[in-house]
Amino acid sequence: MQQNYTPKELESAAQQHWEKRQAFKAGETSDKPKYYCLSMFPYPSGKLHMGHVRNYTIGDVLARYHRMKGFNVMQPMGWDAFGLPAENAAMANNVPPAAWTYANIDYMRKQLQSLGLAVDWSREVTTCTPEYYRWEQWLFTRLFEKGLIYKKTSTVNWDPVDHTVLANEQVIDGRGWRSGALVEKREIPMYFFRITQYADELLTDLDQLGGWPEQVKTMQRNWIGKSYGCDIEFPYDTTSIGKTGTLKVYTTRPDTLMGATYVAVAAEHPLATQAAADNEKLAEFIAECKRGGTAEADMATMEKKGLHTGLFVTHPLTGDKLPVWVANYVLMGYGEGAVMAVPAHDERDFEFAQKYKLTIRQSIAVKDQTFSDSAWQEWYGDKEHGFCVNSGKYDGLAFQQAFDAIAGDLAAKNLGEKKVQFRLRDWGISRQRYWGCPIPIIHCATCGDVPVPDDQLPVVLPENVTITGAGSPLAKMPEFYECACPKCGGKAKRETDTMDTFVESSWYYARYASPDCKTGLVDERARYWLPVDQYIGGIEHAILHLLYARFFNKLMRDVGVFGDKAKESGKFNEPFTNLLTQGMVIAPTFYRELEGGKKQWINPADVDVETDAKGRPLGAKLRADGKEVIIGGTEKMSKSKNNGVDPQAIIDQYGADTARVFMMFASPPEQSLEWSDSGVEGGFRFLKRVWKAAQEHLEQGALAAYSGGELSTAAKALRLQLHQTIQKIDDDYGRRKTFNTAIAAIMELLNALAKFDEQTPAARAVAQEVLEAMTLLISPIAPHISQAIWSELRPGSDLLDQAFPRVDAAALVQDEIELVIQVNGKLRGNLRVAKDTDKATLEQLALTHEAVQKLLAGGTAKKVIVVPGRLINVVI
RNA sequence: GCCGGGAUGGCGGAAUUGGUAGACGCGCUGGACUCAAAAUCCAGUAUCUGCGAGGAUGUGGGGGUUCGAGUCCCCCUCCCGGCACCA
C-alpha cells in the first residue's frame, strides 16, 4: 500500500471504477426493497456553492448507507433550469438565457461529478428542454379541461417606466430595481391552479406524514389555515349608496357581530370606486393605496390608513347604520375585499378605530376583567373564556353558542351562513416573462381560450431572443404568438405568458422515474419508484415548494398518470415519505466603506484575520494591499455580500472526501453551518490518519478479521468500543441522520486503535476487524478513500458490494460498569461495580462513600435515588 | 406584523428518554523531531479561586417545577428562515 494519502489520484481512480461498473445505475427488476433518495435539484446559477455540497453530500450518505443495508437505491440529479436569474444574466452579459443556462449546467455537472456522488446520471432531467416541459404543458391542458385551472385577475407589481411586471425581489423600498420608479399595483388576468379544491386533503394528509419534521407540518397547517366562520351580508343603505344590494364579508368571529361599528373595503372595491367618483380626496387616497408592492410582509408592517367613503351599510341584525371606510390593509384579492370591523375585539381594528376616533363597542366580556377602550388588552380577543355582553338576546352566550345563534338568525334573514374557509389562496401561475414554460393556450375570438391539442405539443419556447428588461419578449414576437385556432381554424393568438417555475419543480421527482418516456409524463416505472423514500433540501422550501409538490402529486394521481387504481391504492397520495430539511451555510463578511456610505464587500478568501492568543479575532487585512478591512456579521453565503466560498478550491486542494467530511462534521444537517477553512484542514488530517492507520497495519500484511478466541483486556476493550461504535453509527445514519456524531465516533475509534499496539496474531486480527469496519462505516461520507483502503484490506473484493458491519452481541457484554455518585444532584464521586449489583447494595455503597460521608457529617440521608446503570443521588 | 426555528468554552459542536455539561474537531499554549520550516507526534486548554488536594460558578436574560434542568413550564431579549413573482 502506498505510504501517503494522495486524494487526487485515488479519487479519480475510484470515480473511474464506479463509472466502469455503472455502479449507480438503478433498475426496476431488483428483488431488494427500493429506496428512492432525492435531493432538491439545483438552479444552475453558475457555480456550485457550499449549500449544494452540503445538500448533496447528505443525500449521498443516505443513498450509500441504504445500499449497504440492502436496498435497491436510486439517486437522480437534474436541473431546475427556468427562472429569473437567466434573464438578468442575459441583460448583464448579453447572452441568451438558454446559452447561459446550458453552459452553467455543463460546468456544475462536472463539479457535482467531482464530488463522487452515487448518482444515476442516465436519469438527468433538465426542465428547460422541450422533452421535459411538453409534459407539463400536457398536464396543464388536462387540468384546464377538468376545470382545475381557471382565469381571473390578480395584482402584480408594475414598473411604470420599464412597462414590466416585477418580482417581489425586484421591488426595493417600493421602487423598481432597474428603473428606480415607484412601483404600482396593477390588476392583470392570470391563470390559477385551483389548489383550494385540495386544501382539505392537503391539510388532513399531513397527519399521515410521520417522516416529516413536525415544524414543517405545522408551517403548512398554518399556511393552509382552515377556519370556521360566517359569511355576513350588510344591506346597502340606499340613501347614501343609491341602490339596493349587500356588502359581503367573511369573519371567524360572528359572535362579535353586535360589536361591529364600521366596515372596511379595499381600494379596488366597487363601493370605493363609486364613492371616489365625486370625491377627489378619496380618489387620491385610493391612488395612494395602489402605490407600492404586493408583498405581504410590507402590507402587514405598513402604517394602517383609511378614509371614510361617505357611504353606509346597515347592520344585518340591529339595522344600525355603519360607515363604510376604505382601508389600505384590506386587499381585494383576499376573500371578499371587505371586512367587518369590531374594534373592541380585534387588535388591528382597535388600532384603526383609535386612530380615526371610530366607535369602540364592547360585546365580549371575560370574568374579573374590566374593559377600557383606551388600551388593547390580550383578553379582548379571547374566544375561550369570553361571553357576549351589550348584545341583546345573545348576552351571556359563550363563543360557540353565540356563533350558532347569530349564524342561525342571519340565515333566517337570508343575510349570512356558516362557512369553512382557508387562508390558502389559489395558485396564480402566469408570469409575464420569457425564460419559462409557455402556457399552452390559444386565444380565439370565437372559441375563447382553447388548450393546445396534444399533437401540437410542445409549444416550444424560442431560444434566440434579446432580453431588454422592458415588457415581455414573447409578446413582441408575432412569429411566436400568431397561430390558428385548433377548434375553428380561424386566426388566433397564442398565450405569451409563461408558467411559474415552481410548476417544473412540482413534478420532477416523478419524471426521474422514467426520464426518457416519450409516450407520457411518466410510465409504469413511476409506480415502482414512487413515492420518494427520502427527500432532502433546504428549510426555506418548507411551505411553497413542498406544498405545491404535494398538490401536484395529487393532481397527477387524479389525472391518472400513476394508473387507474392510483387513488384506491393509497400509495400515491403523498410524494415524499421522509423529509430532511437542512440549514443554511453561512460565512463571515468583510467590507470597506466607500465614499457616500456604500459598502464594498470583500471575499473571506482574500482576507487574513489576526487573532489573539485565545483565537479571538483582533482585525482583518486584505491580502492584496495589507490594509485593514472591517469585520461584518456572519451571514448566509450570497453573491451580494461576496462571502460565498467556492467548493472547487477545497476539492482541488484537499479532495472531495475532505470537503464531504468537513461538511458533515461541522454540524448536524438541520442546523445552519458556519464556514471555516481551518475545519477543512481538520477533515483532511483525519483522513490522513485513517490512511496511515491502514497503511501501518498492512505493512505486516492483511489477514482475516478476528472471529473468535482468547483476547487481552485491551483487545477486548477495543472490540467493545468497535461494536458500540457500529451500533451508534447505524443509528446515526439510519434514524437520527446526524453525521457529525458519526464522524466523531469514528475519530474516537481511530484514536483508540492508534493507542492499541499489541502485535500478537489475535491482536492483529482485531486490528484488521477494526480497520475493515471503520472503512465501511466512513464510506458513505468519504467513499473514495474507503474504496482504496478496502481494496488493500481485502484484495480482490469491492467495497461497493459490502454490507454494513454487523454488531457482535458478544463483544458488547460488560461485567463491570461505572456509576456516578451525587449529593443533592451534585457530582461527588464515582463507583465501579459489578453490572448486576442490586439496589440495596448500591445505596449502601453510596452512603459509605468517602465524599458522601464527609458531607453527611454524621447526619442521615433523607432519601437515596438509584438510577440503574447511571447514578446514585443522595439527598441530605 | 404573522408563522416556524435557534442561542452551550476563543470557534464549530456533543450530551439520543429529565440523570457525570463541554465528547469529537478547530484554534491556542508548552514540549519532541528538525540547521530551520512544513508535516507529524505527545501533553495541556470553560470561568473564578487555591501552592495543592480541592472549592465555587457556569448552557442568551428573568422566574418556576423536580432529589436532579442545556433538556420541561411561564415571561423577555437577540439572531435566522418563510410570507404566495428569488429559487
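1. The structure is a predicted model, in which local features need pLDDT of at least 70 and side-chain atom pairs count only at pLDDT 80 or more, while totals for chains, interfaces and linings use all residues. Residues are numbered from 1 along each chain as its sequence is written, chains are lettered from A and ligands numbered from 1 in the order in which they are written, and side-chain values use heavy atoms, with hydrogens and water left out.

2. Chain A holds 27 helices and 37 strands, where helices (H or I, at least four residues) and strands (E, at least two) are DSSP runs numbered from the N terminus. The C-alpha trace of chain A spans about 105 × 85 × 70 Å along its principal axes. Of its 876 residues, 53% count as buried, that is, under 20% relative accessible area with a 1.4 Å probe and protein chains only.

3. Among contacts (heavy atoms within 4.5 Å) in chain A between residues at least 6 apart in sequence, 71% join residues at least 24 apart.

4. One open sheet has 4 strands in the order β6-β5-β9-β19, with antiparallel pairing; two strands are said to pair if DSSP finds at least two bridges between them. At the edges stand β6 (164–166) and β19 (427–428), each with a single partner strand, so one side of each is left without a neighbour in the sheet. Strand β5 (residues 149–159) and strand β9 (residues 184–193) are joined in the antiparallel sense by 10 bridges, and K151 has Y191 in β9 as its bridge partner. Helix α5 (residues 130–145) lies across β5 and β9 and runs at about 90° to β9, with axes being lines fitted to C-alpha atoms, for helices over the stretch in contact, and angles running from 0 to 180 degrees between N-to-C directions.

5. Another open sheet, of 3 strands, has the order β11-β10-β18, again with antiparallel pairing. Its edge strands, β11 (246–251) and β18 (416–422), each pair on one side only. Strand β10 (residues 226–235) pairs with β18 over 7 bridges, and D231 stands opposite E417 in β18. Helix α13 (residues 399–412) lies across β10 and β18, at about 120° to β18.

6. Strand β34 (residues 816–823) and strand β35 (residues 826–834) run antiparallel and are joined by 8 bridges, with Q822 opposite L827 in β35. This hairpin has 2 residues between the strands, and N824 takes a positive phi near 50°.

Note on methods
Buried < 20%, exposed > 50% of the residue type's maximum accessible area, 1.4 Å probe, protein only.
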